[in-house]
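Let's walk through this structure together, from the overall layout down to a few individual side chains. Keep the sequence at hand as you read.

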Amino acid sequence: LPDETEGVIRATEHGLGFTYRGIIDNSSTMQEPLDWLPELGNLVKRGHAMGVTSAPDDTTNPPVMQEWFQQSIAGSVMMNIAPGWGHMHMMVPDNVCRVLHFLKTGKDSLKD
């Protein structure tokens, strides 16, 4: 298995054995530089749309984290989602339709 997969498995096994929640909060926290992340900008250069969603009430992946990802991927678009669903903001059908529209057309329907 790839090293990344092995790391997720080790973190999950640890969480299941040693925390009351069954998982570790932020179990996938990166401790090494994400050298590959800027390379995702190459997809945008080739004409693919890439968006990062964020909601102001998402306490699992707060906006500052999502802004960092968006800034690290040249050409990506920040798609701010209205508060109300927090981390579950992609469970709202209208938000799913908005993101799918963006991926298909490269245009955010709220900004068109």
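**A guided walk through the model**

At 30% relative accessibility, F69 counts as partly exposed, where partly exposed covers the range between buried (under 20% relative accessible area) and exposed (over 50%), with a 1.4 Å probe and protein chains only. W68 is partly exposed as well, at 44%. A search of the whole structure finds 1 aromatic pair. The rings of W68 and F69 have their centres 5.0 Å apart and their planes at 80°, so this pair is edge-to-face. For such pairs, rings of Phe, Tyr and Trp (its six-membered ring) must have centres within 6.5 Å; planes under 30 degrees apart are stacked, over 60 edge-to-face, and the rest tilted.

Before going further, a word on what you are looking at. This is a predicted model, in which local features need pLDDT of at least 70 and side-chain atom pairs count only at pLDDT 80 or more, while totals for chains, interfaces and linings use all residues. Residues are numbered from 1 along each chain as its sequence is written, and side-chain values use heavy atoms, leaving out hydrogens and water. The chain has a mean pLDDT (the predictor's confidence in each residue, from 0 to 100) of 84, and 82% of its residues reach 70 or more. Where pLDDT is low, the predicted coordinates should not be read in detail.

Now for the layout. The chain contains 4 helices and 2 strands, which are DSSP runs numbered from the N terminus: H or I over at least four residues for helices, E over at least two for strands. Along the sequence they follow the pattern α-α-β-α-β-α. Strand β1 (residues 51-54) pairs with β2 in the parallel sense over 4 bridges; pairing requires that DSSP finds at least two bridges between the strands. From β1 the chain crosses through α3 to β2, and this β-α-β crossover is right-handed: with the strands pointing away from the viewer, the path from the first strand over the helix to the second runs clockwise. Within the strand pair, S54 has N80 of β2 as its bridge partner.

Let's stop at T53, in strand β1. With 17% relative accessibility, T53 counts as buried. Its side chain makes a polar contact of 2.9 Å with that of H89. Such a contact is a pair of N or O atoms within 3.5 Å; within protein, one must be able to donate a hydrogen and the other to accept it, and residues adjacent in sequence count only if both atoms are side-chain atoms. Leaving aside residues up to four places away in sequence, T53 also touches (heavy atoms within 4.5 Å) Q66, M79, I81, M90 and V99.

Next comes S76, in the loop between α3 (63-72) and β2 (77-80). S76 is buried, at 8% relative accessibility. A polar atom of the S76 side chain lies 2.8 Å from the backbone oxygen of I73.

Our last stop is R98, in helix α4 (residues 93-105). Where do you expect this arginine, buried or exposed? At 6% relative accessibility, R98 counts as buried. A polar atom of its side chain lies 2.9 Å from the backbone oxygen of N80, and a polar contact of 2.7 Å joins the side chains of R98 and D108.
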